[in-house]
Each structure stands twice: as C-alpha cells, then as structure tokens.
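Have the model open and follow along.

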Amino acid sequence: MLPIASSTPRPQTHTRAQLQSAKEASMVGCRAPKVRILLTAFRPFRPSYTGGTLWEYNTSELLVKYAVASVDGRQWLSRLKEEGVEVIFDEDEDLLHVTFAAVERKAAEIGRRAEAENLDIIIHFGQHSVNDVVLVETTARNRNGTSPDVADTLGDQADISYGIQCLGQHISMEKSDDFCLPSTLPVSELLKIEGTRKSDNAGSYLCNNMFFKSRLILEKCYPTTWAGFIHVPSPPDAKATREEGNTWISGEAGQKFVQTIRSIIETSAREKLSKGGV
C-alpha cells in the first residue's frame with residue numbers, strides 16, 4: 001500500500017547537520033521553514049477491552065485516515081504542503097497493532113526516523129471511551145496497567161522499564177512510577193480549538209506506553225522534535241462494525257472530529273513555524 005503522504009528516502013549516513021542544511025536549502029524562496037509531521041494511530045482493541053464488543057476498527061484509525069486520505073483530505077494535505085508543511089502517515093507503517101511489541105518497535109523506529117526523515121513533530125492518536133470530546137494529553141507517565149494486549153501479552157508490570165540505543169550509546173531508565181514527561185506539543189494553543197479538552201492522565205495501557213516511550217527517546221536524543229498524544233472519542237451507541245464506523249465518520253458528528261484533528265495538526269505546525277522550525 002502506498003503512503004498517504006510521500007516521505008523522503010531514509011538516508012543511512014547523513015548527519016543531522018547535513019539533513020538540516022538540505023532541509024533549509026529545499027525551502028529557499030519559501031516564506032517559512034518546512035515542518036514535517038508524523039502521525040500514528042491504532043488498530044482495533046480486543047473485545048475484553050471494549051466491554052465484550054468486537055470492534056472492527058479503532059476510531060483513531062478512522063479519523064486519522066479520513067483526515068488525510070479522503071478526497072478533501074488529500075486536497076487539505078496539498079494546501080499544507082504549499083505552506084511548507086508535510087504530513088506523513090503510512091497505513092502500513094504508522095497504523096499500530098494493539099500490542100506492546102508493536103509499540104516497542106514503533107518507539108525504536110521513532111528514534112531512527114526523527115533523524116533520518118528530519119521530523120519536527122510527532123502526533124500520536126488513540127481512542128478513549130468518552131464520545132463527545134478530543135482529549136489533549138499533557139503528561140506521559142512511566143506506568144503500565146494489568147490489561148493484556150490483543151496478543152494476550154502484558155506490559156512490564158507497574159512501570160515501563162526501558163533501554164534504548166541512541167546516537168551510538170545505550171540509554172537506560174530506572175523504574176519509577178513518579179517519572180513523567182510533558183507533552184511538547186503546544187498544548188495551550190491546542191486547547192483553544194473547539195471540541196478539545198485537557199487531560200492529565202493518558203491511562204496505563206498502550207496509549208500511555210506509546211506516549212511515554214516516544215517522549216523518552218526524543219527527550220534523550222532529539223529534544224527539538226515535538227511529540228504528544230491526542231485521545232479521540234468513541235462513537236456513541238457502540239457502532240462496532242466498520243460499515244457503521246464509516247457511516248458515523250461521514251456524518252456530522254464524525255466530521256466535527258475530523259476537523260478538530262486537522263486543526264490540531266495545523267496549529268502544531270503553525271506554532272513550530274512561528275519558532276523557526278527546527
């Protein structure tokens with residue numbers, strides 16, 4: 001499957017300084033530096049996590065795909081690109097299975113892609129149980145719960161113990177439930193968007209796990225790359241089949257949340273551009 005928005009080849013030997021110079025050179029004649037934004041979302045949950053209902057989709061999957069891959073979504077991406085903003089979302093690479101192993105692989109990949117693709121912003125999306133609001137998560141916590149993933153695997157109990165290879169060195173982190181990392185997205189600006197609400201608790205499942213590991217890697221290795229987590233709502237009335245989900249997202253309620261997601265992406269890009277990019 002082809003990527004939704006094209007990304008540059010992944011160089012193997014270029015330094016970050018070389019990549020930055022190339023990035024600046026590519027923007028000669030533009031009024032603002034280019035911003036590259038990576039999006040991720042999740043695939044369906046297991047039935048035990050959704051009250052016994054087998055959902056054929058995850059709302060983060062539906063909303064992000066519609067936001068960037070629908071007809072008007074592609075037009076929106078083209079307009080952003082003219083303004084110097086590139087949004088990257090590859091359904092094969094960036095739509096995650098609901099497993100701790102998938103999150104682990106994505107976290108390691110983020111470190112590589114932040115440099116190789118010169119990413120400026122990473123926005124992770126996941127589904128929450130409230131059906132009327134988009135939650136802007138402020139805090140990633142070193143905390144796992146006891147719910148198994150779709151492969152019946154448990155995360156590290158109580159805490160996220162993590163070690164990463166970064167910039168030629170091994171970086172480890174001791175377990176501590178009090179260890180938190182803030183979102184580096186422009187939270188105060190995102191909360192001005194209609195339909196958003198502040199949340200200080202991303203949970204203790206895979207959403208928080210992805211949020212924390214992503215922030216940890218970037219904090220240690222690529223601190224100029226922003227990252228954060230956005231929880232999108234579940235549709236009301238347990239619309240569990242993909243056909244029902246597609247009907248919901250095409251309706252007034254679903255379209256409202258699509259526009260909220262686009263506003264979050266645009267606002268993040270605008271704030272990054274206002275600071276001169278990376």
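Two strands count as paired when DSSP finds at least two bridges between them. Keep that in mind for Ile37, which sits opposite Ile121 of strand 4.

## The overall picture

This is a predicted model. The protein has nine helices and eleven strands, and buried residues account for 52% of its 278 residues. Take the contacts between residues at least 6 apart in sequence: 81% of them join residues at least 24 apart.

## Strand 1 and its partners

Let's start with strand 1, residues 35–42. Eight of its eight residues are buried. In a regular strand, side chains alternate between the two faces of the sheet. Here Val35, Ile37, Leu39 and Ala41 point one way, while Arg36, Leu38, Thr40 and Phe42 point the other, and all are buried.

## Strand 4, covered on both faces

Strand 4 spans residues 121–127, and seven of its seven residues are buried. On one side you'll find Ile121, Ile123, Phe125 and Gln127, and on the other Ile122, His124 and Gly126. Both of these faces are covered.

Strand 4 also pairs with strand 11 (residues 226–232), running parallel to it with seven bridges between them. Ile121 turns up again here: its bridge partner in strand 11 is Trp226.

## Two nonpolar cores

Which residues have the most contacts inside the largest nonpolar core? They are Ile37, Leu39, Ile123, Phe125 and Ile230, in a core of 38 residues. Helix 9 (residues 252–274) is the biggest contributor, giving seven residues. Apart from this core lies another one, of 29 residues, including Phe42, Ile88, Val103 and Ala140.

Ile123 is worth a click. Leaving out residues up to four places away in sequence, Ile123 touches Ile37, Leu38, Leu39 and Thr40, along with Leu185, Gly228, Ile230, Ile264, Ile265 and Ser268.

## A stop at Thr196

Beyond its neighbours within four places in sequence, Thr196 is in contact with Val133, Val134, Val136, Leu190, Leu191, Thr260 and Ile264.

Ile264 is also on the contact list of Ile123. As for Ile230, it lies 34 residues from Thr196 in sequence, with 9.5 Å between their C-alpha atoms.

## Where helix 2 crosses helix 8

Now over to helix 2 (residues 59–69) and helix 8 (residues 242–250), whose axes come within 11 Å and cross at roughly 50 degrees. Why call them oblique? Angles under 35 degrees count as roughly parallel and 65 to 115 as roughly perpendicular, so at roughly 50 degrees the two helices are oblique to each other. The crossing is right-handed.

Helix 2 makes the contact with Thr59, Glu61, Leu62, Leu63, Lys65 and Tyr66. Helix 8 meets them with Arg242, Gly245, Asn246, Trp248, Ile249 and Ser250.

Technical notes:
Residues are numbered from 1 along each chain as its sequence is written. This is a predicted model: local features need pLDDT of at least 70, side-chain atom pairs count only at pLDDT 80 or more; totals for chains, interfaces and linings use all residues. Side-chain values use heavy atoms; hydrogens and water are left out. A nonpolar core is a set of buried Ala, Val, Leu, Ile, Met, Phe, Trp, Tyr and Cys residues joined through side-chain atoms within 4.5 Å. Buried means under 20% relative accessible area, exposed over 50%, partly exposed in between (1.4 Å probe, protein chains only). Helices (H or I, at least four residues) and strands (E, at least two) are DSSP runs, numbered from the N terminus. Contact means heavy atoms within 4.5 Å. Axes are lines fitted to C-alpha atoms, for helices over the stretch in contact, and angles run from 0 to 180 degrees between N-to-C directions. Angles under 35 degrees count as roughly parallel, over 145 as roughly antiparallel, 65 to 115 as roughly perpendicular and the rest as oblique. A crossing is left-handed if the near helix is turned anticlockwise from the far one by less than a right angle, and right-handed if clockwise.
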